[in-house]
Amino acid sequence: MRQDNNAFQNRPVSMNSKNNLLQIEEHMYILDDVQKPNVFRNMFPYEEIPKIPFNDRIVPHNMPRDIWITDTTFRDGQQSRAPYTTEQIVRIYDMLHELGGPNGMIRASEFFLYSKKDRDAVYKCLEKGYKFPEVTSWIRASQEDFKLVKEIGLKETGILVSCSDYHIFLKLKMTRRQAMEHYLSVIRSCLDEGISPRCHLEDITRADIYGFVVPFCIELMKLKEEYNIPIKVRACDTMGYGVNFSGAVIPRSVQGIIYALNTNGGVPSELMEWHGHNDFYKAVTNSTTAWIYGCSGVNCSLFGIGERTGNTPLEAMVFEYAQLKGSLNGMNTQVITDLAEYYEKEIGFHIPPQTPFVGKNFNVTRAGIHADGLLKNEEIYNIFDTEKFLRRPPISAVSNTSGLAGIAHWINIHYHLRDENAMDKKSPLVIKIKEWVDKQYADGRVTVLTDKELVTEIGNVQKELGMENVLNEV
């Protein structure tokens, strides 16, 4: 659907500062107020696995100079677990502040406002006086919810603005025009109070990008100019349908969505966020792709805790940032280990042992051949200096597959033996322990040996070999 011919012919010609060429927008995007919902049945046949079609339309890389992380641990992260206590929220918020570092790499943390406990946590976090993470909220697009934001006095709030026809027609029972007008009325209420809205475009990976999303964003940017108040746009991959494949069709293409919001919707990179879910194992990759193609913010939760399969893990994006930018920009990655220990010991949350960076086995090897590599040079089988960045040196678990090298490496790590003091696999102590380990499994053992068992047997062997003073447990 096009605007009148004069408006179309009078499109402005402007200079593109990136390639220094004159450009003119080929299309004008206005709301396509369809009578029936477009649920992209060709891509999302409910009785089949969703399809990923391609049209080979390629958009350019466009990573912003500044990219950052925002946090939804206390909002989306609480939708799949028992609620945190106020004290737990405040402690985690403190650690997020420390993790984000002096440059505020974790820009904001969002909160529910519906219960007294949630509001108490907001007040206590505000009392900390931290610039980052900024305390922000999340509400539905309703005037009643907006009253909660006003009462607390927050400077910014997220607003749920569902954008797919699945939600507009089938859940809200509205037309696209009715939905847009309703959303804009609540957004105007925020702006009238001087509150900056953050518009959560729910289910964007099943939405009509050019028939609804882009026209809606154009209206949001008009309001931004009218009120001179920032309006953020969060692209929410609510069902995890986004893909990062070059040339994939929108609305499934992450880079296609970011390009449309930025280039066609006029949303500046610094006002865009990506919010991903992990239903198809793509949360981290899609978040990184959003960064690379023009989105400054990625929204995450600690350890990926979130609805269904969870959100993009915050700790993952810390290391994605470092890989893309070549530095941590002040982030204190050792706090990630503090957070993991706090969740395990104080909150009682079990982190799966193979979880990257935080699982108890993420840098543990049980293979003798790998342990042999670690013994010679840990760079061979360790992803980076995990002791430096996470206080987690690579270790070997001792089992029937560990071999002499695995046992030697375990001893060196456990007793902090380095350089000329380190044991090698020819040590009589190591050989004796290997004989004992082999007998354990020959007698039918099927579990990994515990640290306590190993320490006890090492003590026995030390006495047997007259090496009582060689090893002192640290």
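1. Residues are numbered from 1 along each chain as its sequence is written, and side-chain values use heavy atoms, with hydrogens and water left out. Because the model is predicted, local features need pLDDT of at least 70 and side-chain atom pairs count only at pLDDT 80 or more, while totals for chains, interfaces and linings use all residues.

2. Helix α2 (residues 86–100) and helix α3 (residues 116–127) have axes that come within 9 Å and cross at roughly 35°, the axes being lines fitted to C-alpha atoms over the stretch in contact, with angles from 0 to 180 degrees between N-to-C directions. Helices here are DSSP runs (H or I, at least four residues), numbered from the N terminus.

3. The contact (heavy atoms within 4.5 Å) is made by Thr86, Ile89, Val90 and Tyr93 of α2 together with Lys117, Asp120, Ala121, Lys124 and Cys125 of α3.

4. The count of salt bridges comes to 29, each being a side-chain nitrogen of Lys or Arg within 4 Å of a carboxyl oxygen of Asp or Glu.

5. Arg418 pairs with Glu387 in a salt bridge whose closest N and O atoms are 2.9 Å apart, linking the loop between α14 (403–414) and α15 (428–442) to helix α13 (residues 386–390) across 31 residues.

Key
Helices (H or I, at least four residues) and strands (E, at least two) are DSSP runs, numbered from the N terminus.
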